[in-house]
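Student: I would like to learn how to read charged pairs and helix packing in a model. Could we take them in that order?

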Amino acid sequence: MISRRTTLAALAFSLLAGTAMAADTIKIGVNEPLTGAFAASGTYVVNGAKIAADEINAKGGVLGKKIELVIEDNKSNPTEAASVAEKLITSDKVPVLMGSWGSSLTLATMPKLEEYQVPMLVETSSSGKITTSGNPFIFRISPPSSVEADAFEPIAKKLGLKKVDFLVINNDWGRGAAADFSKMLKANGVEVGLTETMDQSAQDMSAQLSKLKASDADTIMVTSAVDQLTLLFKQMAALGLKKRVITTGGSQNPDQIIAQAGAAADNTMHLTTFLPWWPEKTPNPEATAYFLGEWKKRGFEFAGATESFRGYDGIRSVAAAIAAGGGTDPASIQKGFWKVDIVGLNGPIKFAKSGPAGKESGQSKPNVYLIEITDGKVKQVQLGG
């Protein structure tokens, strides 16, 4: 049952949003980490979003109006992410949002979406709780860690994994990945050993790495952001830790790791959801070629493409929902999300229901790939589904 407070909040938003709905532009709130631990990734996503907005506007916009991105920095902090969401909704009067990169950041914003009844496109976060907790205003194009784990299952069998340890960031993203991958591995007869955690801002992981080196596991699965992964690989090399390493989360930016970690990154494997190295192998080669061309034209480094495409596909999905819903108010856009059917850079974007009956979130299922860094170059290993 919707509470009186929620109803009043939604009414207040509708009154506040009246001016926005009649404006010449359609505002889309963008809630991303532009400072703090995840700043590099958030900035990539925002730049990808800008390419999509410019492309859409050049083609005439949506429903006869141009779209306008209202971009705010959540500072890689969950409390700040919730505050940013509220500001975008009540002050900037946006009828729809995209965000918030990290799972903890997204989970923190979700109560605000319910309070004001405003939908949000989730472009990166992978915690299962995001789409299973009963929030009908959530629509996600990135794979939850459970979907990523399922896609990795046939690849894991081919790799012949025997025993796997985990080293993950100590938040909803990392802990969720360890839990979902552990469940899948155990179901396939793979032994699961240690699960070590690290703070998202930690720079010295020698204690955890020493334990992992002493373990008899043949593989270490790691979940963290690109800057911390760079430190990890350098510290692994210094310790002489030479086990198979597979990163999860699809947002590791292999090219940036190569540039920053050098030879320490060699022979590491990475699960990703986009193949910018081979545009012709992507589900939408024409769109991929356009996006990569525009990314290069704007002077951005190629390395950012594995993150920035999320912002590009995210805004394209929001625009498709606005068009499908036939209106610029939150309720119309929310309904429009269920009608979205486009081909993104990493697969079809079409939302299936996930979560409790009557309060389902929307989850799209992208492709998942495993690549390997060898001799300072990205090489394709296996295709997932």
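Student: In this predicted model, which side chain meets Arg 298 in a salt bridge?

Tutor: Side chains of opposite charge can pair when their charged atoms come close. Here Arg 298 pairs with Glu 294, at 3.1 Å from N to O. Arg 298 is partly exposed, at 30% relative accessible area, whereas Glu 294 is buried, at 11%. Both belong to a network of salt bridges that also takes in Asp 54 and Lys 297.

Student: How many salt bridges does the structure hold?

Tutor: There are 17. One of them joins Glu 55 to Lys 59, with 3.4 Å between the closest N and O atoms. Glu 55 is buried, at 12%, and Lys 59 is exposed, at 66%.

Student: Which parts does the pair of Glu 191 and Lys 163 tie together?

Tutor: The closest N and O atoms of this salt bridge are 3.6 Å apart. Glu 191 is in strand 7 and Lys 163 in strand 6, so the bridge ties parts 28 residues apart in sequence. Glu 191 is partly exposed, at 46% relative accessibility; Lys 163 is buried, at 15%.

Student: At what angle do helix 3 and helix 13 pack?

Tutor: Two packed helices are described by the angle between their axes and the distance between the axes. For helix 3 (residues 39-58) and helix 13 (residues 305-325), the angle is about 40 degrees and the axes are 6 Å apart. Helix 3 is therefore oblique to helix 13, and the crossing is right-handed.

Technical notes:
Residues are numbered from 1 along each chain as its sequence is written. This is a predicted model: local features need pLDDT of at least 70, side-chain atom pairs count only at pLDDT 80 or more; totals for chains, interfaces and linings use all residues. Side-chain values use heavy atoms; hydrogens and water are left out. Axes are lines fitted to C-alpha atoms, for helices over the stretch in contact, and angles run from 0 to 180 degrees between N-to-C directions. Helices (H or I, at least four residues) and strands (E, at least two) are DSSP runs, numbered from the N terminus. Angles under 35 degrees count as roughly parallel, over 145 as roughly antiparallel, 65 to 115 as roughly perpendicular and the rest as oblique. A crossing is left-handed if the near helix is turned anticlockwise from the far one by less than a right angle, and right-handed if clockwise. A salt bridge is a side-chain nitrogen of Lys or Arg within 4 Å of a carboxyl oxygen of Asp or Glu. Buried means under 20% relative accessible area, exposed over 50%, partly exposed in between (1.4 Å probe, protein chains only).
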